[in-house]
Amino acid sequence: MSRTAGTDVLPELNAQPDYRGGTLIINLKPKQNNVSLYEVLDVWRWSQNDWTPILLRLNGLFTDDRPETINREDVVRADADISGPIYEFLYLTGSVKNGKLHGPWTPPNASPTNAALLWPETLNYFFQCIRERTPEVLSARGEKNTAAIAAA
Amino acid sequence: MVTTASFAVPHTTAADAAIAQTRNIAMDPERVVVTAVPHITAAAVPLARLASMSSKAVSKRVTLGPTIETAMVYSLYRRTNIGKNSTRCERDKKENKISLLGCNNGIIPWFLGFKVPPNQNEPYRWH
């Protein structure tokens with residue numbers, strides 16, 4: 001399976017003249033020497049009670065790799081060297097009301113305790129998204145993969 | 001998100017500047033830092049605007065040393081396939097740092113703006 005199969009971010013960017021052919025990449029640890037670059041492939045959101053938890057599907061282009069041979073401006077990766085799928089939860093202050101965006105749509109202030117809280121309905125929705133997009137992640141095979149990685 | 005090295009702000013002291021340079025951190029004299037706001041990039045938002053923002057995105061803090069925070073930076077790259085099994089991502093020179101979140105400049109809310117049905121209310125799921 002292509003690592004971008006089913007992505008929603010790339011077509012969305014492609015549909016905009018300013019972003020055509022573009023892709024979103026997160027430098028997850030910009031203050032560290034090692035390189036952590038992740039490509040954003042999917043974004044799911046659930047807006048309720050003025051909050052919007054978000055689920056990102058990422059591909060790890062570089063995951064805490066040594067920087068010596070990496071050009072952050074021009075990244076070339078073989079599919080076999082890309083790790084994923086990787087999922088990340090975020091949440092934002094903001095929602096949708098009367099057909100319009102409501103609120104600032106910003107993350108909460110930095111805090112050791114500001115992780116996303118997901119109630120069953122939201123968590124189920126996100127699990128369903130994961131299951132539909134990457135069924136292997138929540139399957140026995142996914143568990144096997146995880147066990148193999150842990151053993152290594 | 002904290003200010004970054006590309007944020008051209010004068011450092012408070014030579015020592016702070018040296019430490020900040022070593023750690024790839026930029027600082028400002030009033031210790032105004034933006035916390036956990038990955039959508040705001042240093043290059044995109046002038047200090048004066050940050051300082052005047054009333055949202056929780058900006059907080060003043062009193063510290064004696066350089067401020068070190070985790071930060072995420074979102075960038076736009078141009079994506080091309082090389083053969084069948086490789087991908088090249090070249091940083092977009094024009095839009096090399098973008099906002100992911102935030103109602104004014106965030107790319108996610110911007111995308112969403114095209115999709116929201118009229119009169120849509122909570123709860124609302126999107127993809």
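Chain B averages 55, and 41% of its residues score at least 70. This is a predicted model, in which local features need pLDDT of at least 70, side-chain atom pairs count only at pLDDT 80 or more, and totals for chains, interfaces and linings use all residues. Residues are numbered from 1 along each chain as its sequence is written, with chains lettered from A in the order in which they are written.

Next, pick out the elements of chain B. Helices (H or I, at least four residues) and strands (E, at least two) are DSSP runs, numbered from the N terminus. Chain B has three helices and five strands, in the order α-β-α-β-β-β-α-β. Among these elements, β1(B), residues 32-34, has the lowest mean pLDDT, 31. The highest, 89, belongs to β4(B), residues 86-91.

Now go to the contact with chain A. Two residues are in contact if their C-beta atoms, placed from the backbone, lie within 7 Å. Chain A gives 46 residues and chain B gives 54. On the chain A side, elements that give two or more residues include β2 (35-47), β5 (83-97) and α2 (120-133). That side divides into 22 nonpolar, 14 polar and 10 charged residues. Here Ala, Val, Leu, Ile, Met, Phe, Trp, Tyr, Cys and Pro count as nonpolar, Asp, Glu, Lys and Arg as charged, and the others, Gly among them, as polar.

Finish on β2(A) and β5(B), residues 124-126. Three bridges join these antiparallel strands; two strands pair if DSSP finds at least two bridges between them. Select R45(A): opposite stands W126(B), in β5(B).

Note on methods: pLDDT = per-residue confidence, 0-100.
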